[in-house]
Amino acid sequence: ICSVFQEDVELIFVDDGSTDRSLDILEELSLKDKRVKVISFRRNFGKSPALAAGFNKAKGDIIVTMDADLQDQPEEVPKLIKKLEEGYDFVIGWKYPRLDPIGKRLPSKVINYVTSKLTGLKIHDMNSGLKVMRREVAKEVSMYGELHRFMPHLAYMKGFKVCEEKVKHSERKFGKSKFGAKRFIAGIFDLMTVVFLGKFG
């Protein structure tokens with residue numbers, strides 16, 4: 001990741017209660033490179049609390065989020081940052097073409113469509129892990145429960161300028177997706193929360 005950026009950066013890794021050697025490897029990296037910072041949770045709390053912890057520790061004017069499954073390419077980040085320079089506040093990477101299994105792509109397509117209709121923000125891939133935003137967005141959009149997947153819409157409803165940009169996507173080689181029927185149903189209830197916040201927040 002560091003090779004992509006020549007200017008000053010900080011790399012914040014959030015270990016969400018991993019049970020492998022992830023934390024040991026991250027701590028070794030932090031000793032070798034002062035730009036690497038590590039946040040460790042004692043158990044798995046989920047993506048929203050992990051993002052909130054990272055946002056709270058971040059000091060930069062531009063914040064980039066990326067999952068650890070290696071499906072997103074760091075080389076795509078400068079293209080998203082360029083959209084910020086055009087005047088946007090929040091840019092989400094649209095995985096195109098998306099290489100996930102149909103059992104994950106189809107439910108995602110449905111909830112993306114419904115969410116776009118209810119919130120007024122039309123994007124194709126709201127839950128993409130690759131996002132670039134101004135510091136103000138990360139500080140003002142609350143992250144709790146499972147609301148991380150609706151972050152673009154929450155930012156949009158707060159008045160920030162949001163857009164998407166196509167990015168390369170790779171097949172998953174490491175880890176296992178936790179997406180399933182239970183999470184899909186939970187997403188519907190989270191969407192109701194988002195709509196409520198948009199109308200009465």
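Q: Which helix gives the most to the lining of the second largest pocket, and with how many residues?
A: This is a predicted model, in which local features need pLDDT of at least 70, side-chain atom pairs count only at pLDDT 80 or more, and totals for chains, interfaces and linings use all residues. Residues are numbered from 1 along each chain as its sequence is written, and side-chain values use heavy atoms, with hydrogens and water left out. A pocket is an open set of points on a 1 Å grid over the protein atoms alone, where a 1.4 Å probe fits, with protein on both sides within 12 Å along at least five of seven lines; lining residues have an atom within 4 Å of a point. With helices taken as DSSP runs (H or I, at least four residues) and strands likewise (E, at least two), numbered from the N terminus, the top contributor is helix 4, with nine residues.

Q: Which residues lie nearest the centre of the second largest pocket?
A: Strand 4 (90–95) and helix 4 (102–119) each supply at least two residues of its lining. Of the 19 lining residues, those nearest the centre are Trp94, Lys109, Asn112, His124 and Asp125.

Q: In what order do the four strands of the open sheet lie?
A: Two strands pair if DSSP finds at least two bridges between them. Strand 3 (62–65) and strand 6 (162–167) are the edge strands, each pairing on one side only. The pairing is mixed, and the order is 3-5-4-6.

Q: Which residue of strand 5 stands opposite valine 64?
A: Strand 3 pairs with strand 5 (residues 131–134) in the antiparallel sense, over four bridges. The residue facing valine 64 is valine 132.
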